[in-house]
Amino acid sequence: MTSQQKTQLYSRSKENHRLTVGYTYFEEPDRLKQQINIWKRWPANVDIFLVDDGSEIFPAKDIIDSHLHLEDWQPTFQLWKCTRNLGFNSHGCRNLIAKYAQTDWLAFFDIDQIMYPSDAARLKKQKFDPEKIYRHSCYYDWKQLVLEPPGHINCFVIHKDLYWKAGGYDESFTGHHW
């Protein structure tokens with residue numbers, strides 16, 4: 001994505017956070033509202049980084065403005081938006097998360113995958129090897145299904161340096177790059 005194709009809409013981040021949890025969003029307001037209710041119970045010192053992949057009907061900003069109000073003892077939050085709908089661009093959104101995250105550790109999730117407060121707390125304290133990628137089980141409540149490890153192929157925890165060493169996500173199929 002070029003700089004004209006992305007915009008930071010909202011940020012309430014703090015320095016010294018250990019973990020950024022990145023989500024991509026596109027036109028799924030009910031799932032975003034469900035995530036917001038869970039995020040409100042997450043611990044502090046976790047940065048939630050949401051990228052709206054060009055939603056026009058249900059922009060994430062409208063939902064965030066009306067449903068997300070975080071206190072200092074809760075996680076911090078950033079919202080970015082791709083200013084054009086590029087089609088299936090979640091890979092570009094993940095590259096944007098990795099580029100602008102203020103932490104070294106990144107956890108990537110799809111908007112329909114739930115991480116409960118105790119899991120977020122565990123991840124922020126976990127000692128990870130920066131040369132490894134970590135996969136995990138995940139829960140789809142809309143399917144009432146738990147995917148045991150290794151879970152969903154697109155959801156993992158990784159050190160930012162290793163992410164870029166591996167080349168990030170290939171955006172060539174959309175024809176746009178960050």
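Is Cys-155 buried or exposed? In this predicted model, Cys-155 has a relative accessible area of 0% and is therefore buried. The structure holds 0 disulfides. Cys-82 takes part in none, and the nearest cysteine sulfur, belonging to Cys-93, lies 3.8 Å away; a disulfide requires the two sulfur atoms to be within 2.5 Å.

The largest nonpolar core comprises 29 residues, among which Val-21, Tyr-23, Leu-32, Trp-39, Trp-42, Leu-50 and Phe-77 touch the most other members. Two or more residues are contributed to this core by each of strands S2 (19-25), S3 (46-52), S4 (76-82) and S5 (105-110), and by each of helices H1 (29-39), H2 (60-67) and H4 (117-125). A second, separate core contains 16 residues, including Cys-82, Leu-96, Ile-97 and Phe-156. Within the largest core, Trp-42 is one of the residues with the most contacts to other members. When residues up to four places away in sequence are not counted, Trp-42 touches Val-21, Tyr-23, Ile-48, Trp-73, Gln-74, Pro-75, Met-115, Tyr-116, Pro-117 and Ala-120.

Strand S4 is largely enclosed by the rest of the structure, because 7 of its 7 residues are buried. In a regular strand, side chains alternate between the two faces of the sheet. Both faces of S4 are covered: one side carries Thr-76, Gln-78, Trp-80 and Cys-82, the other Phe-77, Leu-79 and Lys-81, and all of these are buried. S4 runs parallel to S3, to which 6 bridges join it, and Val-51 stands opposite Trp-80 of S4.

An α-helix has 3.6 residues a turn, so residues three or four places apart point the same way. With residues up to four places away in sequence not counted, the contacts of Gln-35 are Tyr-23, Asp-110, Ile-111, Gln-113 and Ile-114.

Terms used: Residues are numbered from 1 along each chain as its sequence is written. This is a predicted model: local features need pLDDT of at least 70, side-chain atom pairs count only at pLDDT 80 or more; totals for chains, interfaces and linings use all residues. Side-chain values use heavy atoms; hydrogens and water are left out. A nonpolar core is a set of buried Ala, Val, Leu, Ile, Met, Phe, Trp, Tyr and Cys residues joined through side-chain atoms within 4.5 Å. Buried means under 20% relative accessible area, exposed over 50%, partly exposed in between (1.4 Å probe, protein chains only). Helices (H or I, at least four residues) and strands (E, at least two) are DSSP runs, numbered from the N terminus. Contact means heavy atoms within 4.5 Å. Two strands pair if DSSP finds at least two bridges between them.
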